[in-house]
Amino acid sequence: MNESKITKYDKAYLRMAREWGQLSYCKRKKVGAIIVKDRMIISDGYNGTPTGFENCCEDENDTTHWYVLHAEANAILKVASSTQSCQGATLYITMSPCRDCSKLIHQAGITRVVYSEGYRDTEGVDFLEKAGVDVVFLPDLD
């Protein structure tokens, strides 16, 4: 596949991830993730509380509850409960992964990550690059 076609698909999947992130109940930041394998979406996720918890991500001081799951963790966990595998897949996420999620991404077998906005630190991206994951920053979705 040529470079312009890759970028065309990358932008489309990032737009889908951004739209999916709008389903989040988090007030501070809405993050969406899409996992694609063999040009098929195999999972999706957004940041939010675990199943069975109230859909409120922040406390009265606007601090995020410690148990809120990040979008990529939710997407990976959804694959884990299916017959699919993330081995060789691409993760499209609206914000670069944190260091904890980067471990999940690598361990799940995801080989490429495309993101459109940087997280507050680069530890997650640095880890993924060190692990041999192809990490692509693709700003300007419009």
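Colleague: Which residues does UniProt list for "domain: CMP/dCMP-type deaminase"?
Modeller: The unreviewed UniProt entry lists residues 8–134. Feature names there are shortened, positions are in the numbering used here, and annotations may be inferred rather than shown by experiment. Before we go on: this is a predicted model, where local features need pLDDT of at least 70, side-chain atom pairs count only at pLDDT 80 or more, and totals for chains, interfaces and linings use all residues. Residues are numbered from 1 along each chain as its sequence is written, and side-chain values use heavy atoms, with hydrogens and water left out.

Colleague: How much of residues 8–134 is helix and how much is strand?
Modeller: Over that range the chain is 33% helix and 17% strand. Both are DSSP runs numbered from the N terminus: helices are H or I with at least four residues, strands are E with at least two.

Colleague: What makes S1 and S2 a pair?
Modeller: Two strands pair if DSSP finds at least two bridges between them. Strand S1 (residues 32–37) has six bridges to S2, so they pair, and they run antiparallel. Isoleucine 34, for instance, stands opposite aspartate 44 in S2.

Colleague: Why is aspartate 38 called exposed?
Modeller: Its relative accessible area is 68%. Exposed means over 50%, buried means under 20%, and partly exposed is in between (1.4 Å probe, protein chains only), so aspartate 38 counts as exposed. Aspartate 38 sits in the loop between S1 and S2, and its phi is near 50°, a positive value in a residue other than glycine. Most residues other than glycine have a negative phi.

Colleague: Why does cysteine 56 count as partly exposed?
Modeller: Cysteine 56 has 26% relative accessibility, so it falls in the middle class. You'll find cysteine 56 in the loop between strand S2 (40–46) and helix H2 (71–80).

Colleague: What does cysteine 56 touch, not counting residues up to four places away in sequence?
Modeller: Thr49 and His65, where contact means heavy atoms within 4.5 Å.

Colleague: And serine 116, why is that one called buried?
Modeller: Serine 116 has a relative accessible area of 17%, so it lands in the buried class. Serine 116 is in the loop between strand S4 (112–115) and helix H4 (123–130).

Colleague: What does the side chain of serine 116 reach?
Modeller: The backbone oxygen of threonine 94, at 3.1 Å.

Note on methods. A polar contact is a pair of N or O atoms within 3.5 Å; within protein, one must be able to donate a hydrogen and the other to accept it, and residues adjacent in sequence count only if both atoms are side-chain atoms.
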